[in-house]
Amino acid sequence: KFEFNPKDGIDNPALSLAEDMDGEGMGEPRFYLLSKGSTETFGFCLHEELGYQGHIIRQVELGGLAQRRGLQDGDRLLQVNGHFVDHMDHCKVVQKIKASGNQVLLAVLDGDSYEAAKALGRDLSQMLPADIRPRLCHITRDKSGFGFSVSGPEGVKGTFQLSVRQDGPAERAGVPPGSWLLELNGASVRSYSHTQLARKVHAPGAGGWGTGAGDVAERPAFPIQLKQSGSKVTLLVASSAVEEFYRVRGLRVTAALADTSWLPFKVRELHMVKGPTGYGFLLKEDDCSSGATGQFLWDVDAGLPAEQAGMKEGDRLLAVNGESIEGLDHQQTVLRIRAHDDQVTLLVIDPAGDDFYQSVGFEDSVWSCP
């Protein structure tokens with residue numbers, strides 16, 4: 001596309017490669033995992049601006065978390081916690097970030113590349129990996145065991161791959177064959193050697209399942225018969241593609257980023273329109289099973305909006321109108337509920353589900369409204 005003349009040089013020196021309309025030289029999406037303290041901010045604002053497309057990163061705080069990680073003014077936000085957001089309403093995108101609490105995974109594209117891609121009619125979602133979320137899987141053993149075995153190279157810490165029995169409890173719980181084990185019952189396995197993890201399980205015997213003599217010698221496998229788990233176990237796992245995604249970018253995979261759709265306990269969204277006598281419930285502050293302080297729903301009146309929306313005695317409140325209440329005290333939470341005079345949307349979880357998520361270290365801040 002260029003002709004070089006030894007005397008005059010390139011025939012069109014004003015033309016830059018960024019202007020090449022075949023898209024070569026276009027930047028790639030960048031990923032940032034931002035983790036902040038409860039009193040900190042992420043250090044940027046998200047704008048919607050007249051004459052510009054997309055959700056624009058602005059006001060990147062000098063020395064703040066976003067700048068330290070590499071976010072730049074003018075970047076366009078494409079993804080929040082693995083969810084493509086370029087097509088979404090701006091307020092909903094802001095809400096998704098706020099609902100993330102203290103940790104959020106963002107995918108961005110620099111402004112010039114974003115505008116060039118739009119001009120070329122590119123589908124921006126195709127520039128991103130299809131799935132970047134690990135899975136939380138809760139397995140209930142049957143008479144033959146949990147239905148998976150673990151293998152890993154001797155002498156290497158934190159590297160454990162899972163073999164999954166077809167149609168066994170693990171497969172039914174959503175564990176992908178060949179996935180990598182990251183956490184066991186809420187505890188990271190990164191510091192475990194193969195021998196140390198083996199001590200967490202019983203040796204082969206009744207109830208376990210292993211692949212037996214067919215295993216490769218340098219990756220010995222042992223069946224799972226967890227000493228402390230009884231009949232249930234919760235695993236944080238990542239497929240090979242997801243594990244590689246985080247590893248090559250130097251990002252740590254945590255339960256806060258996990259796909260929870262395979263878990264037996266679900267959060268519930270309650271939308272209520274205030275009646276003549278109010279919503280019909282009381283909000284009380286109390287201690288959670290983890291020792292932290294939570295906001296709980298009690299005295300649910302029969303026939304009033306709270307009960308009609310599905311509220312149950314003892315539900316714990318996680319979010320109000322799509323925003324996590326983590327870090328808010330009782331009075332601040334009440335004010336947030338009252339912010340809209342006639343209606344409110346609450347995200348809640350029942351006591352059994354609450355105990356489960358607390359036990360595996362799943363923070364309140366990760367919940368967002370569907």
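User: Which residues of helix H3 (residues 111-119) are buried?

Analyst: The model under discussion is a predicted one. In helix H3, Gly111, Ser113, Tyr114 and Ala117 are buried. Viewed along the axis of H3, these buried residues fall within an arc of 165°, so they line one face of the helix.

User: Which exposed residues does the face of H3 turned away from its buried side carry?

Analyst: That face carries Asp112 and Ala119, both of them exposed.

User: Against what do the buried residues of H3 pack?

Analyst: They pack against S6 and strand S8 (103-109). At the start of H3, the backbone nitrogen of Asp112 has a side-chain oxygen of Asp110 within 3.2 Å. Just after H3, Gly121 adopts a positive phi of about 75°.

User: How many salt bridges does a search of the whole structure find?

Analyst: The search finds 13 salt bridges. One of them joins the side chains of Asp142 and Arg172, at 3.7 Å from N to O. Asp142 is in the loop between strand S9 (135-140) and strand S10 (148-151), and Arg172 is in helix H4 (residues 169-172), so this pair ties together parts that are 30 residues apart in sequence. Asp142 counts as partly exposed, at 26% relative accessibility, and Arg172 is also partly exposed, with a relative accessible area of 49%.

User: What separates Glu243 and Arg247 in helix H6?

Analyst: The two residues are 4 residues apart in helix H6, which means that about one helical turn separates them. Glu243 counts as partly exposed, at 21% relative accessibility, and Arg247 counts as exposed, at 52%. Elsewhere, Glu49, Arg58 and Asp73 are linked in a network of salt bridges.

User: Is Asp75 buried or exposed?

Analyst: Asp75 counts as buried, at 2% relative accessibility. This residue is found in the loop between helix H1 (65-69) and strand S6 (76-80). The side chains of Asp75 and Arg30 are joined by a polar contact of 2.5 Å. Once neighbours within four places in sequence are set aside, the contacts of Asp75 include His55, Ile56, Ile57, Val108 and Asp110. The C-alpha atoms of Asp75 and Ala107 are separated by 9.7 Å, the two residues being 32 residues apart along the chain.

User: What describes a pair of aromatic rings?

Analyst: Such a pair is described by the distance of the centres and the angle of the planes. This structure holds 4 aromatic pairs. In one of them, the rings of Phe245 and Tyr246 have centres 5.0 Å apart and planes at 85°, so the pair is edge-to-face. Phe245 is buried, with a relative accessible area of 5%, and Tyr246 counts as buried at 1%. Together with Phe31, Phe245 and Tyr246 form one aromatic cluster.

User: What are the distance and the angle for Phe265 and Phe356?

Analyst: This aromatic pair is tilted, with 5.0 Å centre to centre and 35° between the planes. Phe265 lies in the loop between helix H6 (240-249) and strand S16 (268-273), and Phe356 in helix H9 (residues 351-359), so the pair ties together parts that are 91 residues apart in sequence. Phe265 is partly exposed, with a relative accessible area of 25%, whereas Phe356 counts as buried, at 7% relative accessibility.

Conventions:
Residues numbered from 1 in each chain as written. Predicted model: local features only at pLDDT ≥ 70, side-chain atom pairs only at ≥ 80, totals over all residues. Heavy atoms only, no water. Buried < 20%, exposed > 50% of the residue type's maximum accessible area, 1.4 Å probe, protein only. Contact = heavy atoms within 4.5 Å. Polar contact = N/O pair within 3.5 Å; in protein donor to acceptor, adjacent residues only side chain to side chain. Arc of directions from axis to C-beta. Phe/Tyr/Trp six-rings, centres within 6.5 Å; stacked < 30°, edge-to-face > 60°. Salt bridge = Lys/Arg side-chain N within 4 Å of Asp/Glu carboxyl O.
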